Amino acid sequence: MLKIGVVLGSVREGRNGLSVANWTMEKSKEFSNADEVSFELVDLADYNLPFLGVTPTAEQAIAIGSWSEKIASFDGYIFITAEYNHGIAGAFKNALDFLKPEVKNKAVAFIGYGGLGAARAIESMRMVSGELALATTQRNVNFSLITDFENMSTFAPADFHEGELKELLQQLAAWSTALKTIR
């Protein structure tokens, strides 16, 4: 069985990402065979990570260990990312910087939301993923704050995104399965 972590990378209060992550969880379970793939939501907001390079408090050291252990437990990932100032949310990039062996030779797919569907943040994340030895899927899902959210806050995705998610999941399962053989 493949174990996929759906990682929500925004910690901003009032974020739109939680509704995107919940949709992703619901649809992923609907589109995948439960005997072959399981999904778990991992919310970065649940981890009090310090800035990389700052001496962590005892509580933050525990959070770093918990983050590392949780991320290491998966065969692949769906990263849910917002786009802030044409890039990755700072908290998400910082959290990824704590990882390397935990994600090495695993696969990742991206779902983004923002003015342009987080396209620029996703492209930036592809470079970071390459350095982490994460294989990225070709397909991603891009949600526009203008067309997939009412008043830029209530998630109301267009139906065609379901087909994109199905393709993303097929690619992620194939890569995750293949990469399991070399770990």
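Thr-81 is buried, with a relative accessible area of 0%, where buried stands for under 20% relative accessible area, exposed for over 50% and partly exposed for anything in between, with a 1.4 Å probe and protein chains only. Before I go further, please bear in mind that this is a predicted model, in which local features need pLDDT of at least 70 and side-chain atom pairs count only at pLDDT 80 or more, while totals for chains, interfaces and linings use all residues. Residues are numbered from 1 along each chain as its sequence is written, and side-chain values use heavy atoms, with hydrogens and water left out.

Thr-81 sits in strand β3, residues 76–82; helices (H or I, at least four residues) and strands (E, at least two) are DSSP runs, numbered from the N terminus. What does Thr-81 touch, not counting residues up to four places away in sequence? Its contacts, meaning heavy atoms within 4.5 Å, are Phe-92, Ile-111, Gly-112, Tyr-113, Ala-118, Ala-121, Ile-122 and Met-125.

Turning to the strand itself, 7 of the 7 residues of β3 are buried. In a regular strand the side chains alternate between the two faces of the sheet. In β3 both faces are covered, with Gly-76, Ile-78, Ile-80 and Ala-82 buried on one side and Tyr-77, Phe-79 and Thr-81 buried on the other.

As for its partners, β3 pairs with β1 in the parallel sense over 5 bridges, given that two strands pair if DSSP finds at least two bridges between them. Leu-8 has Ile-80 as its bridge partner in β3. Strand β4, residues 106–114, runs parallel to β3 and is joined to it by 7 bridges, and here Ile-80 stands opposite Ile-111. Between β3 and β4 the chain passes through helix α3, residues 90–97, in a β-α-β crossover that is right-handed, which is to say that, with the strands pointing away from the viewer, the path from the first strand over the helix to the second runs clockwise.

Now to the rings. The structure holds 10 aromatic pairs, counted where rings of Phe, Tyr and Trp (its six-membered ring) have centres within 6.5 Å, with planes under 30 degrees apart called stacked, over 60 edge-to-face and the rest tilted. One of them is the tilted pair of Tyr-77 and Phe-79, at 5.8 Å centre to centre with 35° between the planes, and both of these residues are buried. Another, Phe-143 with Phe-155, is edge-to-face, at 5.0 Å centre to centre and 90° between the planes. Because Phe-143 lies in strand β6 (residues 141–144) and Phe-155 in strand β8 (residues 154–155), this pair ties together parts that are 12 residues apart in sequence. Phe-143 is buried at a relative accessible area of 0%, and Phe-155 is buried at 15%. Ring pairs also link Trp-23, Tyr-113, Phe-143, Phe-149 and Phe-155 into a cluster.

Lastly, let me turn to Asn-16, in the loop between β1 (2–8) and α1 (17–31). Asn-16 counts as buried at 15% relative accessibility. Leaving aside neighbours within four places in sequence, Asn-16 is in contact with Tyr-113, Leu-145, Phe-149, Met-152 and Ser-153.
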